[in-house]
Amino acid sequence: MNTAEPLDHRTAVATESARFAGLVKGADPTLAVPTCPGWTLVDLIKHTGGAQRMFTALLRARVQERPKSRDVDLRLPERADGYADWLAAGAAEAEQAFASTDLDAPMWVWGADGHARFWVRRMLFETLVHRVDAERTLGLDSEIDRALARDGVDEFLVNLPFATFFAPKVADLRGAGAVQHIRFVCADTDAEWLVQLRPDGFGVVPDGAGTTADATVRGTAADLLLLVYGRLDRSAGSVETSGDAELLDRWFANSAF
């Protein structure tokens, strides 16, 4: 079973952006980000804010085919201490774009849902996960709303099969000579997802409750979200795994987003 009340992704983007900007205001921009090797805090902010501005540009243009260029005028601040305000300003521009866009309108997306709403939902989890990265950088604990986390796991798993053009290892997520299944179970909600790996591809089975899984991953919605995004190791005590260990190794080695 995997039903839930619809979420207000537009409001959640604004909330997560404000949290992120508040975290990094006055922080040392040269701090290393432990969850993003090679990045500093300013790199993390620039990446997140840049993605928001790119998604905003796509929404405003109502693009109907894959853009040939990802170049967007980011209007970067002149000083490192201006990045928190720059992030907040970009989120405000996104909010304006959301308000003037029919989110049910068809448009080009790289994932499963070919409507404008795809980009709002994608922006939300791009921002939320990197907000957690900022908290890790600053030595702070993270809290993730359970309903948002559940939705984020769904968004990740449903869209992952389409991510090969920027995450080429995803193409290696195949059944080993036969159909195989991994079940992801939310311990604190009624949500679960059955991923079917076939010799020719993989994807979430819409109604897989009666199917026996070769491997199972169980955790809270927040832990599953951090796990699928590589922010939590599956050996963590808060995550339970069982079944085919080789299958799970293959999944986590090739599902990086």
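Predicted model: local features only at pLDDT ≥ 70, side-chain atom pairs only at ≥ 80, totals over all residues.

**Entry: fold**

I went through the secondary structure next and found seven helices and five strands in the protein chain. Reading from the N terminus, I noted the order α-α-α-α-α-β-β-β-β-α-β-α. The radius of gyration is 18 Å, close to the 18 Å that the globule rule gives for 257 residues, so the protein chain is as compact as a globular protein of that length. I also took the extent of the C-alpha trace, which spans about 55 × 40 × 35 Å along its principal axes.

**Entry: burial, contacts and charges**

I checked burial over the 257 residues, and 47% of them count as buried. For contacts with a separation of 6 or more, I found that 67% join residues 24 or more positions apart. The charges were a quick stop: there are 27 positive and 38 negative ones, and their mean positions lie 4 Å apart.

**Entry: aromatic rings**

I then searched the whole structure for aromatic pairs and got 10. One of them is Phe184 with Trp251, a tilted pair with 5.7 Å from centre to centre and 55° between the planes. Phe184 sits in strand S1 (residues 180-186) and Trp251 in helix H7 (residues 245-254), so this pair ties together parts that are 67 residues apart in sequence. I looked at accessibility too, and both Phe184 and Trp251 are buried.

Trp251 also pairs with Phe202. Why do I log that pair as edge-to-face? The ring centres of Phe202 and Trp251 are 5.8 Å apart and the planes stand at 90°, and edge-to-face applies because that angle is over 60 degrees. Here again distant parts of the chain are linked: Phe202 belongs to strand S3 (residues 201-205) and Trp251 to helix H7, 49 residues apart. Phe202 is buried, as is Trp251. My sketch therefore shows Trp251 of helix H7 paired with Phe184 of strand S1 and with Phe202 of strand S3.

Which residues form one aromatic cluster? I listed Phe55, Trp108, Trp110, Phe118, Trp119, Phe165 and Phe166.

Notes
Residues numbered from 1 in each chain as written. Heavy atoms only, no water. Helix = DSSP H or I, 4+ residues; strand = E, 2+ residues; numbered from the N terminus. Rg over C-alpha atoms; globule rule 2.2 N^0.38 Å. Buried < 20%, exposed > 50% of the residue type's maximum accessible area, 1.4 Å probe, protein only. Contact = heavy atoms within 4.5 Å. Lys, Arg positive; Asp, Glu negative; His and termini not counted. Charge placed at Lys NZ, Arg CZ, Asp CG, Glu CD. Phe/Tyr/Trp six-rings, centres within 6.5 Å; stacked < 30°, edge-to-face > 60°.
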